[in-house]
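Student: I have a structure to read and I am new to this. Can we go through it feature by feature?

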Amino acid sequence: MDTAIIRTEKLEDHDKVHALLVDAFEQREDEARLVERIRRSEGFIPSLSIVAERDQDIVGHVLISKAKIMNGAEAHEVLALAPVAVHTDMQKQGIGAALIKEGLERSRALGYDLVLLIGHPTYYPRYGFKPARQFGIDLKQYEVPEEVFMVYELAPGELGKIKGELIYPAPFFE
Ligand SMILES: CC(C)(COP(=O)(O)OP(=O)(O)OC[C@H]1O[C@@H](n2cnc3c(N)ncnc32)[C@H](O)[C@@H]1OP(=O)(O)O)[C@@H](O)C(=O)NCCC(=O)NCCS
């Protein structure tokens, strides 16, 4: 098996990333459109849009972008992981894991404290994600079960200190 190259997304990858997202999300375009809106927004961090390339094709993608935890009037900038996708023919080969681990490493190197997400409760804990509400982080914008709203601590000791409501920015709702 050839391994995939994990690298920063380039402008010329956009169409392939779109096709990948439509494939991975059962022909829905919602996630592809979400990525396009985030790319155009101020929350976009180019180095946190990461692709997996194999044989000149894009077979995986993860996007991590800016969000906020609001505690009263106080805002703490955090990151939100959404979406992550691997081509249906290439799943279960570790590509998702490689993308997520690279995304978390880059996020740490950029100096962020926390990454939050809504996702499969049996998938993300293997990377160290934990249910967020138990650490005092609330989510009101989406009504989701307790265990799918998760947080990853990039800076040791920050979890439990940064409390409040996670606010996903406008591109998530357009
Ligand atoms: C989730 C996804 C990105 C994982 O990518 P991947 O390259 O297959 O992941 P890996 O090979 O690193 O890991 C595979 C593991 O993930 C598990 N997994 C995949 N999808 C899962 C899901 N929906 N729920 C729970 N576990 C899942 C597999 O069972 C496998 O587990 P195992 O290692 O115990 O056998 C990929 O399955 C995908 O694109 N799915 C469709 C889009 C999606 O649901 N994205 C996530 C939105 S939260």
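Tutor: Start with a definition. A residue is buried when its relative accessible area is under 20%, exposed when over 50%, and partly exposed in between. Bear in mind that this is a predicted model.

Student: Which residues of helix α1 are buried?

Tutor: Helix α1 covers residues 14–24. Its buried residues are Val17, His18, Leu20, Leu21, Val22, Asp23 and Ala24.

Student: What covers the buried residues of α1?

Tutor: Look for elements in contact with them. The cover includes helix α2 (30–39) and the strands β2, β3 and β4. Then look just past the end of α1. There Glu26 takes a positive phi of about 50°.

Student: Which residues of α3 are buried, and what covers them?

Tutor: Buried in α3 are Ile95, Gly96, Ala97, Leu99, Ile100, Gly103, Leu104, Arg106 and Ser107. Their cover includes β1 (5–8), β2 (49–54), β3 (57–71), β4 (74–86), β5 and β8. Just after α3, Gly111 has a positive phi of about 95°.

Student: Now the rings. How many aromatic pairs are there?

Tutor: A search of the whole structure finds seven. Take Tyr123 and Tyr124. Their ring centres are 5.1 Å apart and their planes stand at 75°. Planes over 60 degrees apart count as edge-to-face, so this pair is edge-to-face.

Student: Are those two tyrosines buried or partly exposed?

Tutor: One of each. Tyr123 has 24% relative accessibility, so it counts as partly exposed. Tyr124 has 6%, so it counts as buried.

Student: What kind of pair do Phe129 and Tyr152 form?

Tutor: A tilted one. The distance is 5.3 Å centre to centre, with 45° between the planes. Now place the two residues. Phe129 lies in the loop between β5 (114–118) and β6 (130–131), while Tyr152 lies in strand β8 (residues 149–153). The pair therefore ties together parts that are 23 residues apart in sequence.

Student: How accessible are Phe129 and Tyr152?

Tutor: Phe129 is at 3% relative accessibility, so it counts as buried. Tyr152 is at 13%, so it counts as buried too.

Student: Which residues form the aromatic cluster?

Tutor: Tyr123, Tyr124, Tyr127, Phe129 and Tyr152 form one cluster.

Student: How do I read a pocket?

Tutor: Ask for its volume, then its lining. The largest pocket holds about 970 Å³ of space. Its lining has 28 residues, and Phe25, Pro83, Val84, His120 and Tyr124 lie nearest its centre.

Student: Which element gives the most to that lining?

Tutor: β4 does, with six residues. α2, β4 and α3 each supply at least two. By class, the lining has 17 nonpolar, four polar and seven charged residues.

Student: What about the second largest pocket?

Tutor: About 200 Å³ of space lies there. Among its lining residues are Ser41, Glu42, Lys66, Ile167 and Tyr168. β3 gives the most to this lining, with three residues. The classes are five nonpolar, two polar and four charged.

Key: Residues are numbered from 1 along each chain as its sequence is written. This is a predicted model: local features need pLDDT of at least 70, side-chain atom pairs count only at pLDDT 80 or more; totals for chains, interfaces and linings use all residues. Side-chain values use heavy atoms; hydrogens and water are left out. Rings of Phe, Tyr and Trp (its six-membered ring) pair if their centres lie within 6.5 Å; planes under 30 degrees apart count as stacked, over 60 as edge-to-face and the rest as tilted. Buried means under 20% relative accessible area, exposed over 50%, partly exposed in between (1.4 Å probe, protein chains only). Helices (H or I, at least four residues) and strands (E, at least two) are DSSP runs, numbered from the N terminus. Contact means heavy atoms within 4.5 Å. On a 1 Å grid over the protein atoms alone, a cavity is a set of points where a 1.4 Å probe fits but cannot get out, and a pocket is an open set with protein on both sides within 12 Å along at least five of seven lines; lining residues have an atom within 4 Å of a point. Grid points are joined across faces, edges and corners, and a volume is the space filled by probe spheres set on the points. Ala, Val, Leu, Ile, Met, Phe, Trp, Tyr, Cys and Pro count as nonpolar, Asp, Glu, Lys and Arg as charged, and the others, Gly among them, as polar.
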